[in-house]
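Dear colleague,

Please find below the structure that I am handing over to you. My notes on what was found in it follow directly after.

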Amino acid sequence: QVQLVESGGGSVQAGGSLRLSCAVSEYTASSSCMGWFRQAPGKEREGVAYIHFGAGITTYADSVKGRFTISRDNAKNTVYLQLNSLEPEDTAMYYCAADQCARFIGVVLAKTLPVSAITHWGQGTQVTVSS
C-alpha cells in the first residue's frame, strides 16, 4: 500500500518561502511519477509541479514557473516542493500525489483523465500567504 506523508506547510508573508516535503512508500517510489497539486477554497484542485521519480524530469504550471522547484531524494523516498517568491494567490491546501506514470500522463499531459484519477494522495498541508 502506497502511503504519502506531507509536511512543511505554514503561514508566510508575500515574498517569503516555504519548503514542502512528501515521503512516499519506497516500493513504488523509483518507478512512479509524482506531483504537487493545490486547491483553494471554492476552486478546483489544480496541478502545480510534477516529477518522474526515477529520471528526475520536471514540469511546472505556468503560474509557478521560476518561483517553485520540485525535486526528489531517491535515498529518502521523498519529494520536495520549494516555494519562493510566494504571493497571496498561492494560498491553498497543497497535496502530494503519486501514481503510475501512465496515469500521470493521462492527467497532466494528455488531459484525458481528471485529477481525481490519480490513485495516491497525501492528506494535504496548508500554505497561507498574507498581504
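**Arginine 38 and its surroundings**

The side chains of arginine 38 and aspartate 90 are joined by a polar contact of 2.9 Å. A polar contact is a pair of N or O atoms within 3.5 Å; within protein, one must be able to donate a hydrogen and the other to accept it, and residues adjacent in sequence count only if both atoms are side-chain atoms. Another polar contact, of 2.9 Å, links the side chain of arginine 38 to that of tyrosine 94.

Please note that this is a predicted model: local features need pLDDT of at least 70, side-chain atom pairs count only at pLDDT 80 or more, and totals for chains, interfaces and linings use all residues. Residues are numbered from 1 along each chain as its sequence is written, and side-chain values use heavy atoms, with hydrogens and water left out.

Is arginine 38 buried or exposed? Arginine 38 counts as buried, at 7% relative accessibility; buried means under 20% relative accessible area, exposed over 50%, and partly exposed in between, with a 1.4 Å probe and protein chains only. Not counting residues up to four places away in sequence, arginine 38 touches several residues, including Glu44, Arg45, Asp90 and Tyr94 (contact means heavy atoms within 4.5 Å).

**Strands β4 and β9**

Arginine 38 belongs to strand β4 (residues 32-39). Helices (H or I, at least four residues) and strands (E, at least two) are DSSP runs, numbered from the N terminus. Strands β4 and β9 run antiparallel and are joined by eight bridges; two strands pair if DSSP finds at least two bridges between them. Within this pairing, glutamine 39 stands opposite methionine 93 in β9.

Strand β9 (residues 92-100) is mostly covered, with seven of its nine residues buried. β9 also pairs in the antiparallel sense with strand β11 (residues 125-130), over three bridges, where valine 127 is the bridge partner of alanine 92. With strand β10 (residues 120-121), β9 has an antiparallel pairing over two bridges, and alanine 98 stands opposite histidine 120 there.

**An open sheet**

Four strands form an open sheet in the order β1-β3-β8-β7, with antiparallel pairing. β1 (4-7) and β7 (68-73) are at the edges and have a single partner strand each, so one side of each is left without a neighbour in the sheet. The partner of β7 is strand β8 (residues 78-83): six bridges join the two, which run antiparallel. Aspartate 73 stands opposite threonine 78 in β8.

**Aromatic rings**

How many aromatic pairs does a search of the whole structure find? The search finds five. Rings of Phe, Tyr and Trp (its six-membered ring) pair if their centres lie within 6.5 Å; planes under 30 degrees apart count as stacked, over 60 as edge-to-face and the rest as tilted. The ring centres of tyrosine 50 and phenylalanine 104 are 6.3 Å apart and their planes stand at 75 degrees, so this pair is edge-to-face. Tyrosine 50 is in strand β5 (residues 46-52) and phenylalanine 104 in helix α2 (residues 101-109), so the pair ties together parts that are 54 residues apart in sequence. Tyrosine 50 is buried at 15% relative accessibility, and phenylalanine 104 is buried with a relative accessible area of 2%. One aromatic cluster is formed by Phe37, Tyr50, Tyr95, Phe104 and Trp121.

Yours sincerely
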